[in-house]
Amino acid sequence: MSTEGTGRVLTTHKLLEMKERGEKIAMLTAYDYTSAKIVDAAGIDIILVGDSAANVMAGHETTLPITLDQMIYHAQSVMRAVKNPLVVVDLPFGTYQGNSKEALHSAVRIMKESEADAVKLEGGVEIMESIQRILSAGIPIMGHLGLTPQSIHKFGTYAVRAKEKAEAEKLIADAHALEDAGCFALVLEKIPALLAKRITEELKIPVIGIGAGKYCDGQVLVMHDMLGLNNKFSPRFLRRYANLYDEYLNAFKNYVADVKSCDFPNDSEQY
Ligand code: KIV
């Protein structure tokens with residue numbers, strides 16, 4: 001039996017050291033074994049098994065419908081693939097808000113059944129009781145503030161958050177509250193870059209941005225978006241590193257044409 005640590009190369013402590021020495025943190029979502037293996041091979045620091053799986057894997061409009069069982073299934077698939085990165089799993093909507101006992105139960109299920117390294121929760125002081133209870137069980141938590149997609153029905157839009165002073169001040173207070181409670185990192189989604197800069201400078205824990213500008217300690221993107229698998233989604237913050245929609249489409253079209261024309265399989269592709 002190893003007594004050296006978690007077995008994972010990247011730990012929450014190492015992330016803290018990366019911030020201290022100014023080394024940027026690269027985080028990406030993954031939801032399945034095959035892509036998680038490639039993401040690991042690319043040298044990613046953190047994999048997020050995001051509840052964005054509800055959108056990009058299952059085709060829902062929002063992240064709300066995904067269940068705890070479904071998140072655990074995705075987390076298990078990712079965990080079978082990876083060796084190096086820290087794996088963080090989203091607690092889905094309705095499994096932690098307003099009931100800290102249920103929150104702990106949900107987080108424990110994720111940790112036990114997937115063997116992931118940490119969980120992520122959306123929200124600030126309003127979910128503090130759940131955060132404290134989960135942390136008291138020794139489960140590391142990544143916070144998530146700004147545009148929190150599980151609250152989309154409250155916001156009514158996916159527009160940039162905290163442009164007004166009052167919301168920015170609440171966000172700053174929430175960020176400090178999450179750090180003081182013991183969260184090991186914080187995601188800031190779709191907020192002004194200068195606000196994210198201030199929070200990044202004020203907090204000791206790493207701040208990972210998505211649509212939160214260049215001053216954050218790290219960046220996260222949704223894998224399907226950065227691969228260009230969804231050619232309809234192009235917010236300003238998104239940089240596409242591939243155009244897989246067209247690549248997939250051409251491959252599928254060529255396959256259909258080859259089957260129809262009796263070109264596939266040929267003599268060397270049969271037994
Ligand atoms: O679920 C997700 O993919 C996320 C990222 C957008 C940070 O929470």
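Predicted model: local features only at pLDDT ≥ 70, side-chain atom pairs only at ≥ 80, totals over all residues.
Me: How far is an oxygen atom of the ligand from an N or O atom in the side chain of Lys120?

Reply: A polar contact is a pair of N or O atoms within 3.5 Å; within protein, one must be able to donate a hydrogen and the other to accept it, and residues adjacent in sequence count only if both atoms are side-chain atoms. Here a ligand oxygen is 2.9 Å from an N or O atom in the side chain of Lys120. For the side chain of Asp51 the distance is 3.0 Å, and for that of Asp90 it is 3.1 Å. The protein covers 96% of the 260 Å² of accessible area that the ligand has on its own (Shrake-Rupley method, 1.4 Å probe; for residues, only the protein chains shown count as cover).

Me: Which strands form the closed barrel?

Reply: Strands are DSSP runs of E, at least two residues, numbered from the N terminus, and two strands pair if DSSP finds at least two bridges between them. In this structure eight strands close a barrel in the order β1-β2-β3-β4-β5-β6-β7-β8, with parallel pairing.

Me: How many bridges join β5 to β6?

Reply: Five bridges join the parallel strands β5 (residues 141-146) and β6 (residues 185-189). Met142 has Ala185 of β6 as its bridge partner.

Methods
Residues numbered from 1 in each chain as written. Heavy atoms only, no water. Helix = DSSP H or I, 4+ residues; strand = E, 2+ residues; numbered from the N terminus.
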